[in-house]
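Good morning, everyone, and thank you for coming. Please have the sequence and the three-dimensional view open while I talk, and follow along as we go from one part to the next.

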Amino acid sequence: MSRIAYVNGRYLPRAAAMVHIEDRGYQFSDGVYEVCEVRGGRIVDERRHLDRLERSLGEMRIAMPMTRAALDVVMRECIRRNRVRGGIVYLQITRGVARRDHAFPPAGTAPSVVVTARNLDVAANERVAAEGIAVITVPDNRWARVDIKAIALLPNVLAKQAARERGAREAWFVDAQGFVSEGSSTNAWIVTADGKVVTRQADQGILRGITRAVLLDAIKAHGLALEERPFSVDEAYAAHEAFVTAASQIVMPVVRIDGRAIGEGRPGPVATALRREFHRFAEAG
Ligand code: PLP
């Protein structure tokens, strides 16, 4: 089955799905995006993702290209046409097509919209989660507005590649004070020796992950001790457990940081339970 993408008003076979060379996403990374999990063919936590999308667009001063209801229809249609049951739907909005000039294009320039959807290998992800992943730490060299879900991701790309080249699946950014901010495409968490679940507070130093927000609800509902604060790399090395969260991975246990085993070197009980429980707290569309 050929895959279908939505591009500026049309559903096209993927090979024919193109954007203009003067799209500002291509020229300047001048755009934002969202990734939602698709589970049983339904979008998980769509409301929160669209809230964050609107916030990102507002911070970038890009107009919402269509109503939320219309975006919902397009996302569902992409899921349907691509027969996605377990996977992701990807939505990207840029400031549109205009002659190359750093300043904003003329008023009325239509934002560009691209939506794609695809199945993920859910069973393979479960196998990875059962083993746990390795992460490395890298200096956080990103811009100061990582709270915006911008498509400009070069530091994240380089960090992820560095992880791959060192046999790890994720890189954790470390700020100038030695605290972990977040992963290159995930939020970062630890469980301390005395059982506290710790993740950085949602300030401008991290992306306010939707999976993170849902998990905070799950943690509170389970009565686990929670601290939203920065944690250092040394504290992470000494943690009982570590894990990362993202829409495409839910809760992924971390068993090794910079080559050092975390806890017993296998997925811990808190991460495993939170992964199992997650969808009880998420909204299914
Ligand atoms: N942090 C970064 C830098 C990300 O790119 C992502 C997801 O892409 C996340 C955190 C997790 O966000 P969410 O849970 O909304 O997928």
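Before I name any pair of residues, here is the definition we need: two strands count as paired if DSSP finds at least two bridges between them. Please also keep in mind that this is a predicted model.

With that in hand, let us begin with strands S1 and S2, which pair in the antiparallel sense over four bridges. If you look for Val7, you will find that its bridge partner in S2 is Arg10. S1 and S2 form a hairpin with two residues between them, and in that turn Asn8 has a positive phi of about 45°.

Let me turn to a pair of helices. Two packed helices are described by the angle between their axes and the distance between the axes. Helix H6, residues 210-221, packs with helix H8, residues 269-281, at an angle of about 100°, and their axes are 9 Å apart. Because angles of 65 to 115 degrees count as roughly perpendicular, H6 is described as roughly perpendicular to H8. On the H6 side, the residues that meet H8 are Thr211, Val214, Leu215, Asp217, Ala218, Ile219 and Ala221, and on the H8 side they are Leu274, Phe278 and Phe281. Sorted by class, the residues of this contact of H6 with H8 are eight nonpolar, one polar and one charged.

Next come the pockets. The largest pocket has a volume of about 1200 Å³, and of the 45 residues that line it, Lys160, Ser185, Ala246, Ser248 and Gln249 lie nearest its centre. Which helix gives the largest share of the lining of this largest pocket? That is helix H5, residues 154-165, with five residues. The lining of the largest pocket as a whole divides into 21 nonpolar, 14 polar and 10 charged residues.

The second largest pocket holds about 420 Å³ of space. It is lined by 22 residues, and the closest to its centre are Val122, Glu126, Ile250, Arg275 and His279. S3, S5, helix H4 (122-131), strand S15 (250-257) and H8 each supply at least two residues of this lining, and H4 gives the most, with five residues. By class, the lining of the second largest pocket has 10 nonpolar, seven polar and five charged residues.

Finally, the cavities. How many cavities of 30 Å³ or more does the structure hold? There are two. The largest cavity has a volume of about 60 Å³, and its lining consists of Glu37, Val44, Asp45, His49, Ile210, Thr211, Ala246, Ala247, Ile250 and Phe278. In that lining, six residues are nonpolar, two are polar and two are charged.

The second largest cavity contains about 30 Å³ of space, and the residues that line it include His240, Ala242, Pro253, Ile262, Arg266 and Gly268. The elements that give two or more residues to the lining of the second largest cavity are strand S14, residues 241-246, and S15, and the largest share, three residues, comes from S15. By class, this lining has seven nonpolar, two polar and two charged residues.

That is where I will stop, and I am happy to go back to any part of the picture.

Methods: Residues numbered from 1 in each chain as written. Predicted model: local features only at pLDDT ≥ 70, side-chain atom pairs only at ≥ 80, totals over all residues. Heavy atoms only, no water. Axes fitted to C-alpha atoms, helices over the stretch in contact; angles between N-to-C directions. Parallel < 35°, antiparallel > 145°, perpendicular 65-115°, else oblique. Contact = heavy atoms within 4.5 Å. Nonpolar A, V, L, I, M, F, W, Y, C, P; charged D, E, K, R; others polar. 1 Å grid on protein atoms, 1.4 Å probe; cavity = no way out; pocket = protein on both sides within 12 Å on 5 of 7 lines; lining within 4 Å. Points joined across faces, edges and corners; volume = space filled by probe spheres on them.
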